Amino acid sequence: MGETLIQNPVLVLFLVIALGYGLGRVRIGNFSFGVAAVLFVGLAFGALYPGIQVPDIMIYLGLSLFVYCIGLASGPSFFATIRSNGLRDVGFVIVMLAMTATLALGLHYLLGFDAQTTAGLYAGSTTNTPALAGLIDLIAQKETPAAARTLTQEAVSGYSLAYPLGIMGTLLAFVLVQRLFRVNYDEECDRLRDRYPVRQEIITVSVRVTNPQIADVPIRDLKKKYQLNVVFGRRIRADETVLTNWDSTLQPGDYVVLVGDRRDLDRAIGVLGEQAADDLLTDDSEYIVKRIFVSNPDIAGQKLSALNLDEQFSAIVTRIRRGDMDILASRDVVLELGDIVRFVTRRRDVEPLSVMFGDSYESLSRVNLFAFGAGLSIGLLLGMITFEIPGAFSLKLGFAVGPVLVALVLGALRRTGPVVWTLPYSANLTFQQFGLAIMLAGIGINSGDTFIATLGQGSGVSILLASLVISFVSAAITLIVGYKVVKMPFGILGGMVAHQPAILDFTVNQAGNKLPNLGFTLMLPIAIIMKILFVQLLYLFLQ
């Protein structure tokens, strides 16, 4: 059995992925390792069968896929954050990550670690696998193959020992600081709902217009005057049903369909009149509600306003389903491949609308490999460039930073002429998961025997304690300074310190809303880039 596994490393790779993924779904309370369990199963296989070696190219392939897809998905929010908050949030995150690296540096001298162990400890205590992969990439560039293998195994051992304590320290800091400040998440979410609409429940209601003061006022002016964040749909006047547009007006006695968040709808109803029975919602004599897939690459990356739907069809987009989230249709919403667009339209316009948007699940499943391959190639080429650092150091961006930087730019651009750089939502998640699983399995298998040896030594206990100190202190300082000094919402800060899916899941459950998801997504690209750079700088400096 052992000889068979040693001779078939690809078989072992996928066996580890299968077993690790199954183990990662086991929950203990609010905690689960998720896909990171693949690493620990890989370590077990590597310890049991030291002769198994997964080709390094498999690990680098997984790393490149993972970080490139994260960059594509995070590009728009990354640059939007920089535009809206300037250097404040970016600078805050960089300073906090630099503090974490400084803690690792201090513990290095205090406990007498070697350079590769300290760098691996930093990556593990921040539970950042791309940082570990970037460190492995740097070691491979700087050392001979034989030396690189030994140093890599020691770095992975430091990472693997630090990883669980990195989770525990962050969770402990989050709970204690949350109780210290008695954070009221409901009040925080209500206060931020206009800026961060993370608790939206998009519904449809019919309204009877009774307010004479809004008579003959165009909907365009109504929305602006009363700040109505809703979509106006069908209007019934006497026996006539029409779809509204920006120039439509309302009269007392009219019935109109509105779509929006419950609180926004209550406000709009207060302005217009009173909520009516839902008979209007079920009237499908001429207009019907239709859901259409966005699978046409010519549509992807364009704003709704750029499509000029009201000039071509009698149709209104009311909401957009992206992943598990409903988005209220506004003129500035940018469509993505895989979106499900909900229309109210005349029956005869359904077919041309379907043609325009694609509405083909089969074609949506086909990834544009030209755009995907070209973008990833540019990232890998960027990663091959050597940068000279003062002090006789040289640094390559490598398989991690190069692809993620290019992906951020391409994800923000979305398209260049006919080329759509982004991936459908489901395809992006699939590539992320597949790449991460390959990378974790390969790293674990190749480092299992060194991990067990390190755990049995005195340095193993020191690494565990150092990781707990780094993760707890850095998370606590980030939460306290961010909340009290920088005045950032605590829910968003919880997402910023959530280095690992289990931590993020815990903070979301504590908050009862998706503000932590927003903080996690907004800062993820910066965190990945800076952690990869810091871990490599630590290794170069400590050598």
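**Helix packing and salt bridges**

User: What orientation do helix 6 and helix 7 have to each other?

Analyst: Helix 6 and helix 7 are roughly antiparallel to each other, in what is a predicted model. Their axes, which are lines fitted to C-alpha atoms over the stretch in contact, lie 8 Å apart, and the angle between them, on a scale from 0 to 180 degrees between N-to-C directions, is about 155 degrees. Angles under 35 degrees count as roughly parallel, over 145 as roughly antiparallel, 65 to 115 as roughly perpendicular and the rest as oblique, and the pair is therefore roughly antiparallel.

User: Which residues of helix 7 make the contact with helix 6?

Analyst: Helices here are DSSP runs of H or I with at least four residues, strands are E runs of at least two, and both are numbered from the N terminus. Contact means heavy atoms within 4.5 Å, and helix 6 takes part through Q116, A119, G120 and A123. On the side of helix 7 (residues 129-142), the residues are A131, L132 and L135.

User: How many charged residues does the contact of helix 6 with helix 8 have?

Analyst: Helix 6 (residues 115-125) packs against helix 8 (residues 145-181) at about 35 degrees, with the axes 7 Å apart. The residues that meet include G120 and G124 in helix 6 and E154, A155 and G158 in helix 8. Asp, Glu, Lys and Arg count as charged, Ala, Val, Leu, Ile, Met, Phe, Trp, Tyr, Cys and Pro as nonpolar, and the others, Gly among them, as polar; by this scheme the contact has seven nonpolar residues, seven polar residues and, among charged ones, one.

User: What orientation do helix 2 and helix 3 have to each other?

Analyst: The axes of helix 2 (residues 9-24) and helix 3 (residues 37-48) come within 7 Å and cross at roughly 130 degrees. Among the residues that make the contact are V12, L15 and V16 of helix 2, together with V38, V41 and F45 of helix 3, and by class the contact has eleven nonpolar, three polar and no charged residues. The two helices are therefore oblique.

User: How many salt bridges does a search of the whole structure find?

Analyst: Residues are numbered from 1 along each chain as its sequence is written. Local features need pLDDT of at least 70 and side-chain atom pairs pLDDT 80 or more, while totals for chains, interfaces and linings use all residues, and side-chain values use heavy atoms, leaving out hydrogens and water. A salt bridge is a side-chain nitrogen of Lys or Arg within 4 Å of a carboxyl oxygen of Asp or Glu, and the number found is four.

User: Where is E274, the partner of R208, and how many residues apart are the two?

Analyst: R208 forms a salt bridge with E274, with the closest N and O atoms 3.5 Å apart. R208 sits in strand 1 (residues 202-209), whereas E274 is in strand 5 (residues 273-275), so that the pair links distant parts of the chain, the separation being 66 residues.
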